[in-house]
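Have the structure open while you read.

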Amino acid sequence: MSNDDIRDATRVVHAGHEPKDFHGFVNPPVVHASTVLYRDTDTLLGRGEQRYHYGRHGTPTSDALEDAITALEGAEGTVLAPSGLAAISLAMLSVLGSGDHLLITDSVYGPTRQFCETVLKRMGVETTFYDPRVGAGIAALIRDNTRLVWTESPGSLTFEVQDLPAIVAAAHARGALVGIDNTWATPLLFKPIAMGVDLSVMAATKYVVGHSDAMLGTVAAAPSAFKALKQTHRAMGICVGPDDVYLGLRGLRTMGVRLKQHEINGLTVAHWLERQSVVRRVLHPALPSHPDHVLWARDFSGASGLFSFVLQPQPMERVKAMLDGLKFFGLGFSWGGFESLAIPVRLAGIRSATRWEGEGSLIRLHVGLEDPQDLIADLDAGLRRFVRGI
Ligand SMILES: *Cc1c(COP(=O)(O)O)cnc(C)c1O
C-alpha cells in the first residue's frame, strides 16, 4: 500500500515498522549499540553492502521512528534530536551560515529566540523578529541575504496563527527557505510540507512522547533541505538514546486518539472559561472569538489541548491564590502529556516586534485527558480564590 493511499490515523499506527521484518513482533527492538560488526574487511572498507555501520548513524529503533515521522509529514526524510530545542537549532544550523539573515516570528518559543540572539549572532547570522500576523507583508522584510524565514503557528503563549501559504510564497519567490515549529498541531492537524515548508520541526517531547517521560525532537525536511539537514545532523554527531526513541515511537501510536481527546477537553474548558466574568479573553484559535480563527479553520484540521486565557487585572497574589490551590492542573513547564498543566505567563523580554496589550494576567493551560467536568470544577474553585484572594 503506498503512503498516499492511507489516512493519517492508520499511518500513525502502522508507519515505520514492518513486523514481518523482525520475527513478527509488533514493535521494533530497542537496539542499544555503538559498535556494529562487519562480516569481512571488504564490507568494512565499504566494498560490500551492510545496512548499519555505527550506533550514532542509526539503528532499527531510530529508523522506525524516523520513517514513521517521514510518512506522517510527507517529507523526504527525518532526523531525530535529543530535545525539541536541539531539533530547532539543528534545523537552523543546517541551512544558515555567516552573513545570512534570518526572519523569526516574534511569538517564537522563548529558547529559540535565545539561540538566535546568542549562538547564531556569534556565528554572524543576523536575526530580525517579525509580527506573526505579517502574512504576505513578510515580502517587505526579505533581504537579498535572507536565507530562512522561521515560523511557529500558533505562536508560543499568545497563539497567533500565521498565514503559512502567503509566507511560503513570498519567501520562495526570493530564494529563502521556510521552517516551522509545528509542535502545537503536529502533522496530524497541520501539514507544513504539503504547504511548501522546507523544514518542519516538532518538540516530540510534547504530543509524540505524550507521557511527560522523555525529551525528543524531530526535524522533517522537503527535498529542498533534506541533504543539508542530514549532512549537518551527521557532522554534529547528534543522536538519541534508544530508550527515548522507543518512547517516542510508542507514544506516536496513540497520538491520533489522544489529540482528539485533548481537542474535545480543551475546547470544553475554553468555552466554559469564555463565559466566566473574571476572564477577559480566551486565546484558543478554534474559538470563533479568536482573531485568527478564519486562518486556523482554513489550514488546520483540528486543535490540540494548549491555549491561554487573560484574567481581569488583579494583583499577582490573587493569581497565586488561584494557581496554588489547583488539584488537577500541575504547575510546570512543558506540555503534551496526559495530564493538565497551568503556568502564569511572563512576556517581558520575549517580544520585540509586537506589543502585548497587558490588560491582565495571562495563564497558559495544557488540558489533559482527565474528565473535563472535573477540570472545570477545579478551575471554578480557582477563579473563586482569584476573586476572594485566598
Ligand atoms: C517545548 C517546546 C519546544 C522545546 O522542546 P524541548 O523538547 O523541551 O526542548 C520547542 N517548541 C515549542 C513550541 C515548545 O513548546
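This is a predicted model: local features need pLDDT of at least 70, side-chain atom pairs count only at pLDDT 80 or more; totals for chains, interfaces and linings use all residues.

1. Residues are numbered from 1 along each chain as its sequence is written, and side-chain values use heavy atoms, with hydrogens and water left out.

2. Who surrounds the ligand? Its shell has 14 residues, and Gly-84, Leu-85, Asp-181, Thr-205 and Lys-206 come nearest (near means a heavy atom within 4 Å). Helix H4, residues 84–95, gives the most to this shell, with three residues (helices are DSSP runs of H or I, at least four residues; strands are runs of E, at least two).

3. Now the polar contacts (N or O pairs within 3.5 Å). Ligand oxygen atoms lie 2.7 Å from a backbone N or O atom of Gly-84 and 2.8 Å from one of Leu-85. For Trp-335 it's a side-chain N or O atom, 3.0 Å from a ligand oxygen. Taken alone, the ligand exposes 380 Å², and the protein buries 91% of that (Shrake-Rupley areas, 1.4 Å probe).

4. Further along, five strands make an open, mixed sheet in the order S8-S9-S12-S11-S10 (pairing needs at least two DSSP bridges). S8 (279–283) and S10 (330–331) are at the edges with a single partner strand each, so one side of each has no neighbour in the sheet.

5. Inside that sheet, S11 (residues 341–345) and S12 (residues 362–366) pair antiparallel over five bridges. Leu-341, for instance, has His-366 in S12 as its bridge partner.

Key: A polar contact is a pair of N or O atoms within 3.5 Å; within protein, one must be able to donate a hydrogen and the other to accept it, and residues adjacent in sequence count only if both atoms are side-chain atoms.
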